[in-house]
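Here is a briefing on a two-chain model. Please look over the structure first, then read the points by topic.

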Amino acid sequence: MKILTKWIRSYLPDLPVSDTQLAEDLTLRGIAVEGIDDLGVGNGSLFEMDITTNRVDAMNHYGIAREAATIYGLQLKPLEFAWPEAVASTIPFSVGIEAEDACGRFTARVLRNVAMGESRDWFPGAEVSTYFNLLEQKKISNAVDATNFAWLAMGQPTHVFDLDKIEGGIVVRRARKGEKLKTLDGIERTLDPEDLVVADHVKPLGLAGVMGGWETMITPATTNVLVEAAWFEPMAVRRTARRHGLHTDASHRFERGADFNAGPVASDLVSSILLANGGSIAGDLVDVRVADWESRTIHRKPITLALSEVHRILGATIDKEGITAGAVEGVLTPLGCELTNDSSRASAWQVTLPSWRLDLEREIDLIEEVARVYGYNRFANTLPAFAGGVAALPWAESESAMRRVLLSAGFNEAISGTFCSAAEAALTAPLPAQVVALGNPLSEEAGVLRPSLVPGMLGMVAGNLHRDVSDVRLFELGTVFSGTTEKVDERLSLAFGAGGNVAEHSPLYPARSLEFHDIKGVVEQVLARFQTRSIYFDRFPPEVGIIPMWLHPYRAARVVADGLTVGWFGQLHPAEAANRKLKDPVSIGEIYIDRLFKLGRRKPAAREISRFQPVRRDFSLVVNQDTAWQTIDLALEDLKIPELVDWRVREVFRDKNLHQSRLDKSTSSSEYFLLLGVTFQAPDRTLREEELQVFQARVIDAIGKAGGRLRA
Amino acid sequence: MTNVDIPNLTAFDEAALEQAFAALAKEASDDAAALTNPAAVEAFRLQWLGRKQGRLNEVSARWLKAAPSEAKKSLGQRFNALKKHVEELLEAGAGAGSTWSDSALAAEAIDITLPGTQRLLGAEHPITRTLNEITQVFAALGYSVGGGPEVETDYYNFECMNFPPGHPARDTQDTLVIANQERRPLRDRLLLRTHTSPVQMRTMESQPPPVRIIIPGKVHRNDAQDATHSPIFHQVEGLCVDTNITFSDLKGTLDHAMKALFGSSVKTRFFPSFFPFTEPSADVQISCIFCGGKGCRKCKQSGWIELLGCGMVDPAVFAFAAQKQPAYDPRKISGFAFGMGVERIAMMKYGISEIGQFYAGDMRFLGQFA
């Protein structure tokens with residue numbers, strides 16, 4: 001909204017400050033001036049205002065002048081106009097309010113023999129030409145400009161009709177089903193029975209408080225005019241405007257509450273401007289009011305305001321004096337409130353509210369006005385005392401432990417969009433029937449709430465690879481959604497995606513491509529942060545019911561902790577990779593951290609470290625191709641030899657060429673080679689050779705049963 | 001150093017023995033002469049005196065055992081002499097080799113200017129980082145951390161935050177809604193929360209005052225993406241409720257927090273604003289962290305940067321809370337709430353120009369925050 005300081009000063013001739021100072025003082029009191037444009041000598045400045053929606057009363061020149069008067073303690077000039085004698089009218093113009101729930105007041109003024117023409121500066125207080133030029137407001141005709149002038153001056157919407165096109169009189173009513181109205185924007189509209197209209201005795205003339213009608217608009221031929229200035233109920237106007245996709249100055253004001261008493265004043269202003277070009281007033285102002293709305297606007301019950309409450313809410317001021325009774329009165333009176341001392345309480349008032357401030361309804365609203373005008377920055381900075389505990393989110397520690405693993409494995413944290421396409425959701429949802437759609441999505445690609453972090457992760461990984469960033473390691477911790485449109489479940493999930501090399505830069509060692517077992521290592525380390533009894537990895541047995549179609553069927557694993565699926569990971573299916581134009585293998589995975597978090601974090605406990613020397617033995621094994629390491633691993637575990645404290649694969653050779661060159665020629669190509677390292681140690685003694693021999697024999701025996709044998 | 005196996009002796013006469021032992025003694029002397037560092041000395045010791053594969057062991061094993069009994073005495077004496085000789089060599093060599101010669105070390109030179117081998121560390125997202133900084137500042141002031149759902153009901157997102165149905169203030173928050181809600185009562189309709197403020201109500205409903213809570217979270221609006229707008233963004237919401245919480249407490253708390261976040265020389269100032277759920281409401285500006293308040297491009301020459309919204313909790317909000325927790329009686333308690341946009345703070349702190357960079361997962365962007 002644009003405001004002229006020249007216009008403001010016409011209401012406050014004694015304003016003692018510069019435009020710049022005025023802008024700052026207004027801004028500090030919530031009437032924000034966002035920009036100041038110097039219009040040259042004698043023209044003052046143009047203020048670009050940003051006024052909060054609750055302060056419609058200040059979205060005009062007079063309203064801002066009132067704020068300035070309050071700040072500087074000045075007298076605001078009343079709105080007065082040159083006013084010719086009325087010519088008595090034999091038949092008063094007929095106005096009826098049928099929709100009393102939606103129209104509180106309707107004033108109509110008949111002007112006869114007015115001359116349409118160009119606007120000029122008509123009289124002091126109606127400098128239409130000057131102000132419009134400075135505001136770069138387009139001039140249309142004296143009649144239309146008059147209503148715009150009243151709007152800019154005092155924020156009251158008015159409307160002018162060509163009186164001769166009105167049949168009978170005015171009725172404010174709801175539209176009839178199927179009724180049609182061509183509005184001023186030239187659009188033919190079919191009205192809804194809920195629409196509020198200003199009608200004559202035959203037809204609707206305009207959408208009440210929103211936009212006038214084409215039929216009755218002012219033309220150069222118009223000679224007789226009806227000036228409307230009314231008060232409409234906010235919701236009725238809002239609904240009408242919404243239904244027709246309209247948002248006009250008038251609807252903006254009425255939706256937020258207009259001044260019940262402004263109608264006659266605005267009507268007078270518009271009429272005076274029109275009459276300045278000739279013509280006469282026919283009869284008195286017709287002013288129809290609904291008593292119920294009067295009591296809810298201009299005759300509202302006074303509010304009690306106690307100084308103690310002002311202090312309880314606002315606290316200390318810098319000057320130590322605090323907010324005094326004088327300060328309260330000094331703020332509220334110039335704003336238009338009437339304060340009388342409350343007879344029942346000391347330092348309390350009964351406050352009568354001004355008609356233009358429908359946003360003031362409660363004691364707290366008045367306290368806010370006191371604080372606002374007194375100046376927020378004159379209050380002290382104090383810190384409230386506190387004696388209590390501080391709690392983190394219940395999963396904060398688990399989350400942070402997990403983050404540490406991923407960060408130290410070289411994964412960058414990413415955040416992706418909350419939405420994905422229905423197709424992506426169908427592919428990745430753990431429960432495909434439970435994808436939740438948006439009612440008003442930003443686009444089709446973002447039509448549903450993500451059921452999995454995978455679509456976003458794949459998008460980000462692909463984005464990097466397409467940008468020629470070859471090494472990608474990302475994780476995202478975020479909410480995923482499932483359910484119905486009645487009830488949406490949210491849970492926290494973790495996804496990670498990677499491609500390119502492992503997270504190590506060295507000038508001395510060759511880079512190595514990241515593969516399945518690198519990701520598995522990360523997963524294992526994440527799992528190791530939690531209290532589990534058993535963890536295993538498998539290949540999505542059919543009975544589990546989840547077979548992620550976007551994963552490579554032989555290079556992917558399901559993660560099971562304590563019998564519960566807690567995630568999966570693997571190489572992206574080559575078909576999916578091709579769909580996304582990815583040439584190199586990409587690894588991806590997801591961990592259901594809500595399940596993991598329920599297990600609780602691992603609690604480290606110290607064990608006695610044996611003083612006795614450990615004995616390490618390596619076994620070079622030949623193993624059947626279809627014997628997985630896990631089989632050997634479990635076989636060794638089943639031995640339950642307390643002194644067998646550690647065993648691990650040191651190396652695996654699967655390269656078929658090795659059979660011929662380095663390794664035992666007696667083996668077949670359906671076998672592979674595995675170097676197993678085991679450690680024996682006792683807590684209480686040095687192990688003797690005989691004991692070791694027994695242990696070793698048992699190890700070899702177990703391996704044999706598992707499908708392996710010692711290399712010859 | 002030679003490492004030739006000890007050959008078997010074919011003759012055990014004095015001449016043959018003399019020659020064989022002299023050869024070994026010379027060999028040992030030659031080896032010892034080449035000793036330049038302690039590692040070589042140790043290798044010499046193992047080569048000659050090693051318990052398992054030392055050469056003297058070999059001599060003992062091959063020659064002494066094979067020798068006819070008449071030669072054993074002589075051979076034994078010669079053997080002991082050789083052993084003594086080697087031990088003396090070792091002793092002498094140990095001295096000579098105890099200091100590492102510079103030339104020997106120079107031969108092991110490496111290029112120390114080559115970059116080190118780095119295990120790359122991942123980077124926390126700048127939003128997470130900023131969220132954590134903010135929560136830590138408030139944790140030190142006694143604030144616990146809370147959370148709430150991203151899909152909310154109309155009641156929590158709007159109604160109990162004092163946005164009545166049909167209120168124009170709802171227009172300012174373009175809301176993404178869940179499909180097929182039209183038939184449900186307005187208050188139950190599901191939407192993506194447009195602010196973290198609903199968690200204020202969820203917190204108050206779950207516990208009586210006093211409350212001090214900070215709520216980091218993700219919110220959504222039906223906003224097209226541009227340099228500073230995104231349909232997704234993050235907020236940190238704060239709520240403090242107790243007896244005698246005042247507007248000056250709100251000012252002091254936020255002034256303290258801004259100094260903790262941006263440096264002790266930062267100043268704050270408060271402007272009246274409007275939020276349905278607070279009254280009085282304020283916008284907070286901090287003195288420009290780039291120019292110190294003198295005016296620069298970043299602060300549009302104003303010297304100030306707008307950072308957050310706040311206010312005293314509206315009594316109407318307390319009235320909603322009191323439906324479940326009667327202790328939220330607005331006549332007895334008071335409180336303040338505040339909310340800040342995390343992206344805006346992160347963009348300012350790290351000099352990020354496009355909000356979209358936060359959500360693109362670009363390694364080159366994210367890697368900068370390691």
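In this structure, 72 residues of chain B are in contact with 75 residues of chain A; two residues are in contact if their C-beta atoms, placed from the backbone, lie within 7 Å. This is a predicted model: local features need pLDDT of at least 70, side-chain atom pairs count only at pLDDT 80 or more, and totals for chains, interfaces and linings use all residues. Residues are numbered from 1 along each chain as its sequence is written, while chains are lettered from A and ligands numbered from 1 in the order in which they are written.

- On the side of chain B that touches chain A, helix 9 (residues 247-262) of chain B gives the most, with eight residues. Helices (H or I, at least four residues) and strands (E, at least two) are DSSP runs, numbered from the N terminus.
- By class, that side of chain B has 37 nonpolar, 23 polar and 12 charged residues. Ala, Val, Leu, Ile, Met, Phe, Trp, Tyr, Cys and Pro count as nonpolar, Asp, Glu, Lys and Arg as charged, and the others, Gly among them, as polar.
- Strand 24 (residues 504-505) of chain A pairs with strand 1 (residues 118-119) of chain B in the antiparallel sense, over two bridges. Two strands pair if DSSP finds at least two bridges between them.
- Glu504(A) stands opposite Arg119(B), in strand 1 of chain B.

**Domains of chain B**

- Chain B is divided into domain 1 (14-107) and domain 2 (126-369). Domain bounds come from an automatic or database domain assignment.
- The centres of these two domains, taken over C-alpha atoms, are separated by 83 Å.

**A three-stranded sheet in chain A**

- Three strands of chain A form an open sheet in the order 16-18-17, with antiparallel pairing.
- Strand 16 (303-306) and strand 17 (338-341) of chain A are the edge strands, and each pairs on one side only.
- Neighbouring strands of this sheet are turned by 35° against each other on average, direction ignored. Axes are lines fitted to C-alpha atoms, for helices over the stretch in contact, and angles run from 0 to 180 degrees between N-to-C directions.
- Strand 17 and strand 18 (residues 348-352) of chain A pair over four bridges. Glu338(A) has Thr352(A), in strand 18 of chain A, as its bridge partner.
- Helix 12 (residues 363-374) of chain A lies across strand 16 and strand 18 of chain A, at about 50° to strand 16.

**Backbone exceptions**

- Most residues other than glycine have a negative phi, and most peptide bonds are trans.
- Ser347(A), not a glycine, has a positive phi of about 50°. Ser347(A) is in the loop between strand 17 and strand 18 of chain A.
- Ser347(A) counts as partly exposed because it has 16 C-beta neighbours inside 10 Å. A residue is buried if 20 or more other C-beta atoms lie within 10 Å of its own, exposed if 12 or fewer, and partly exposed in between; C-beta atoms are placed from the backbone.
- Asp562(A) also has a positive phi, near 50°, and lies in the loop between strand 26 (551-561) and strand 27 (564-572) of chain A.
- A cis peptide bond joins Pro209(B) and Pro210(B), with omega about 5°. Pro210(B) is in the loop between helix 8 (198-206) and strand 5 (211-220) of chain B.
- The bond from Glu279(B) to Pro280(B) is cis, with omega near -5°.
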